[in-house]
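Here are my notes for you, with the model open beside them. Please read them with the structure in view and turn it as you go.

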Amino acid sequence: MVLTSVELVRDEQQTAAGSGAWAAGNVMAQAHKHSGPAKAIEQPMPARENQRTNRSGPAPVPVASTQIEPAQAASLDGAGTKAENGLSGKSGQSGSSEGGESPFAGGNFSRNADGSYTALNANGIHYTILRQIEPVYPAEARSVSYGKTVVVSARFVVGLDGEVEAIEIINNTPDLGFKEATREALRQWRFAPIYLYGANIKCTFIKDFYFSPK
């Protein structure tokens with residue numbers, strides 16, 4: 001088969017184009033072989049800020065709260081005892097310790113020569129009677145057949161040792177031995193030593209004694 005000059009030229013161009021494409025493909029294959037697999041590009045991580053908290057000083061140490069309770073004085077429960085024994089006193093205010101003053105600075109106390117204090121009444125003061133003797137109807141009154149009920153009111157002071165020191169009859173009574181009988185009975189009374197605010201004190205009491213002829 002005889003090719004024309006035009007066909008020869010076309011065939012040569014196609015051969016050259018195929019050779020060029022093959023050469024380009026071969027070059028790319030060689031380049032890929034020598035470069036190896038693609039590597040991932042590592043991005044630098046941003047620097048993390050220092051998160052330390054600024055402090056002006058060391059952390060405060062927690063302190064356990066302590067409930068401080070107030071100081072307790074001596075027991076002042078004596079109302080029931082007074083009612084049971086019929087003891088009373090003149091009205092007055094009990095001593096206080098406000099402003100750092102002595103608790104006996106109030107009008108309810110008098111200071112004795114030995115430095116002790118005497119409560120002018122038993123209001124709010126705890127006491128214990130160890131021995132209590134009731135007076136008997138006087139023989140003098142019976143001898144004259146008086147035969148009436150008599151009430152004798154006595155004011156007396158209990159000393160530091162619990163014994164009755166002073167006795168005063170404060171009402172009018174028939175002069176038939178009732179006063180003497182009252183004093184005789186009270187001299188036999190005994191109290192436990194009385195304390196207030198931690199101090200041994202004397203205390204004044206008032207009691208009514210009932211004399212019945214029966």
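The points below go from confidence and overall layout to particular residues.

1. First, a word on confidence. This is a predicted model, and the mean pLDDT of the protein chain is 72, with 53% of its residues at 70 or more. Over residues 31-36 the pLDDT falls below 50, and this stretch has zero contacts in the model beyond near neighbours in sequence. Residues 89-97 are also below 50 in pLDDT, yet that stretch has 24 contacts in the model beyond near neighbours in sequence.

2. Next, the overall layout. The protein chain has four helices and nine strands, and along the sequence they follow the pattern α-α-β-β-β-β-α-β-β-α-β-β-β. Of its 214 residues, 26% count as buried. Among contacts with a separation of 6 or more, 72% are between residues 24 or more positions apart.

3. Strand E5 (residues 150-158) and strand E6 (residues 164-169) run antiparallel and are joined by five bridges. Five residues lie between the two strands of this hairpin, and Gly162 in the turn has a positive phi of about 95°. Within the pairing, Phe156 stands opposite Ile167 of E6.

4. Now to the aromatic residues. How many aromatic pairs does a search of the whole structure find? The search returns 14. One of them joins Tyr127 and Phe205 in an edge-to-face arrangement, at 4.9 Å centre to centre with 80° between the planes. Tyr127 belongs to the loop between strand E3 (117-119) and strand E4 (129-131), while Phe205 belongs to strand E9 (residues 199-211), so this pair ties together parts that are 78 residues apart in sequence. Both partners are out of the solvent by the numbers: Tyr127 is buried at a relative accessible area of 2%, and Phe205 is buried at 0%.

5. Phe205 has another partner to look at. With Phe156 it makes a stacked pair, 5.7 Å centre to centre and 25° between the planes. That pair also links distant parts of the chain, since Phe156 is in strand E5 and Phe205 in strand E9, 49 residues apart. Phe156 is buried too, with a relative accessible area of 0%.

6. Tyr127, Phe156, Trp189, Phe191, Phe205 and Phe209 form one aromatic cluster. Phe209 has a charged neighbour as well: the charged end of Lys207 sits over its ring, 5.4 Å from the ring centre.

7. Asn108 is in the loop between strand E1 (87-88) and strand E2 (109-111). Is Asn108 buried or exposed? Asn108 counts as buried because its relative accessibility is 2%, and the cut-off is under 20%. Its side chain makes a polar contact with the side chain of Asn121, at 2.7 Å.

8. Last, a residue in a helix. Glu180 is found in helix H4 (residues 178-186). With a relative accessible area of 44%, Glu180 is partly exposed. Its C-alpha atom is separated by 9.7 Å from that of Ile169, eleven residues apart along the chain.

Definitions and conventions. Residues are numbered from 1 along each chain as its sequence is written. Side-chain values use heavy atoms; hydrogens and water are left out. Two strands pair if DSSP finds at least two bridges between them. pLDDT is the predictor's confidence in each residue, from 0 to 100. Contact means heavy atoms within 4.5 Å. Rings of Phe, Tyr and Trp (its six-membered ring) pair if their centres lie within 6.5 Å; planes under 30 degrees apart count as stacked, over 60 as edge-to-face and the rest as tilted. Buried means under 20% relative accessible area, exposed over 50%, partly exposed in between (1.4 Å probe, protein chains only). A charge sits over a ring if NZ of Lys or CZ of Arg is within 6 Å of the ring centre and within 35 degrees of the ring normal. A polar contact is a pair of N or O atoms within 3.5 Å; within protein, one must be able to donate a hydrogen and the other to accept it, and residues adjacent in sequence count only if both atoms are side-chain atoms.
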